[in-house]
Structures are given as structure tokens and as C-alpha cells.
Amino acid sequence: MKIANSSTILFRNTMRITDGHLDGFRHAIARAVAFTQEYGPQIMVEVFIDEERMLAHSFQLYRDSDAIRAHWRLSDPYIREVMEHCTVQHFEIFGEPDHDIVAALKTPDGESFPFVISPRLAGFNRL
């Protein structure tokens with residue numbers, strides 16, 4: 001079996017919404033996604049919310065590590081605003097980002113958070 005040769009990278013970010021910040025989180029996410037839709041390099045962004053458990057799940061698909069770098073440069077103020085209302089509970093990376101991307105995985109304030117990387121085995125996309 002041949003392993004798929006693709007540079008796409010999928011992020012799955014699970015965020016714990018801070019008590020009392022649900023409305024602020026919703027507003028910040030809406031602003032961030034609107035900005036990203038207009039100017040960001042992502043192929044896809046989807047955010048789901050579990051109000052009962054105060055969790056949100058963000059999925060972002062990138063063409064490659066360069067697109068991730070571009071997103072971080074463009075979106076820093078929006079990321080900071082979102083992070084005022086939540087903490088990263090778990091972060092998953094599907095694909096093989098460059099080493100500097102992995103080394104830079106921290107909150108906007110430089111805090112570390114748990115993450116795992118799962119290299120691609122096989123697949124395709126129709127994008």
C-alpha cells in the first residue's frame with residue numbers, strides 16, 4: 001500500500017469555554033470566521049459548539065504549512081480575542097506540518113497546550 005502524498009493539514013481544536021463567556025465566545029468566533037472567510041488561506045473552517053458541556057470544536061483545513069503560517073500572521077488579533085473566552089483543552093493535527101509549525105504551537109500568550117500529531121496514511125479530497 002502506498003501512503004498518500006499530500007501536503008494538506010487538518011487542525012481539530014477542542015476549546016473549553018470559560019464560564020460566563022459564552023456570548024463573548026460566540027461573538028469572537030463569528031468575527032474570526034468572517035475575517036478568515038474573507039482573507040484567510042484555509043480551504044475550510046467549521047466550528048461546532050456543545051453548550052451543555054461548554055466545549056467548542058474547530059476544524060481547519062490547510063493546503064500546507066505555508067498556509068498555516070499565513071493564517072497565523074493575518075489572524076493573530078482574532079485568535080487573541082477568541083482566547084479571551086476559552087482555553088485549549090486538546091489540539092489534534094492530522095497531516096505532517098513543518099517542524100517550525102509544531103514548535104510554534106502555543107497560545108497567543110506563549111502558553112503550551114496538549115496536542116497530538118497523526119501522520120496521513122491514505123486518503124483523497126475532491127477540493
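The side chain of His57 makes a polar contact with the side chain of Thr14 at 3.2 Å, a polar contact being a pair of N or O atoms within 3.5 Å in which, within protein, one must be able to donate a hydrogen and the other to accept it, with residues adjacent in sequence counted only if both atoms are side-chain atoms. The model is a predicted one, in which local features need pLDDT of at least 70 and side-chain atom pairs count only at pLDDT 80 or more, while totals for chains, interfaces and linings use all residues. Residues are numbered from 1 along each chain as its sequence is written, and side-chain values use heavy atoms, with hydrogens and water left out.

**His57 and Thr14**

- His57 is found in strand β3, and Thr14 has its place in strand β1, where helices (H or I, at least four residues) and strands (E, at least two) are DSSP runs numbered from the N terminus.
- His57 counts as buried because its relative accessibility is 14%, and Thr14 is likewise buried, with a relative accessible area of 8%; buried means under 20% relative accessible area, exposed over 50% and partly exposed in between, computed with a 1.4 Å probe on protein chains only.
- A further polar contact of the His57 side chain, at 3.4 Å, is made with the side chain of Arg12.
- With neighbours within four places in sequence left aside, His57 is in contact (heavy atoms within 4.5 Å) with Arg12, Asn13, Thr14, Glu46, Val47 and Phe48.
- Thr14, not counting residues up to four places away in sequence, touches Leu55, Ala56, His57, Thr87, Val88, Gln89 and His90.

- Phe48 lies in strand β2 and, at 44% relative accessibility, counts as partly exposed.
- Beyond its neighbours within four places in sequence, Phe48 is in contact with Leu55, Ala56, His57 and Phe59.
- The C-alpha atoms of Phe48 and Ser58, which are ten residues apart along the chain, are separated by 6.4 Å.
- Met54 has its place in the loop between β2 and β3, where its phi is near 55 degrees, a positive value in a residue other than glycine.
- Met54 is buried, with a relative accessible area of 16%.

**Nonpolar cores**

- The largest nonpolar core has 13 residues, of which Met15, Ile17, Phe25, Ala56, Val82 and Cys86 touch the most other members; such a core is a set of buried Ala, Val, Leu, Ile, Met, Phe, Trp, Tyr and Cys residues joined through side-chain atoms within 4.5 Å.
- The elements that give two or more residues to this core are β1, α1 and α2, and α1 gives the most, with six residues.
- A second, separate core of eleven residues includes Phe11, Val88, Ile93 and Phe113.
- Phe25, leaving aside neighbours within four places in sequence, is in contact with Met15, Ile17, Ile49, Ala56, Val82, His85 and Cys86.

- On a 1 Å grid over the protein atoms alone, a pocket is an open set of points where a 1.4 Å probe fits, with protein on both sides within 12 Å along at least five of seven lines, and lining residues have an atom within 4 Å of a point; grid points are joined across faces, edges and corners, and a volume is the space filled by probe spheres set on the points.
- At least two lining residues of the largest pocket come from each of β1 (9-17), α1 (22-39), β2 (44-50), β3 (55-62), α2 (65-83) and β4 (86-94), with the largest share, nine residues, from α2.
- The lining of the largest pocket divides into 19 nonpolar, eight polar and three charged residues, where Ala, Val, Leu, Ile, Met, Phe, Trp, Tyr, Cys and Pro count as nonpolar, Asp, Glu, Lys and Arg as charged, and the others, Gly among them, as polar.
- The second largest pocket has a volume of about 270 Å³, and of the 15 residues that line it, Thr8, Arg120, Ala122, Gly123 and Phe124 are the closest to its centre.
- By class, the lining of the second largest pocket has eight nonpolar, six polar and one charged residues.

**Ser7**

- Ser7 has its place in the segment before β1 and counts as partly exposed at 45% relative accessibility.
- A polar atom of the Ser7 side chain lies 2.8 Å from the backbone oxygen of Arg63.
- Ser7 and Arg120 are 113 residues apart in sequence and 9.4 Å apart in space, C-alpha to C-alpha.
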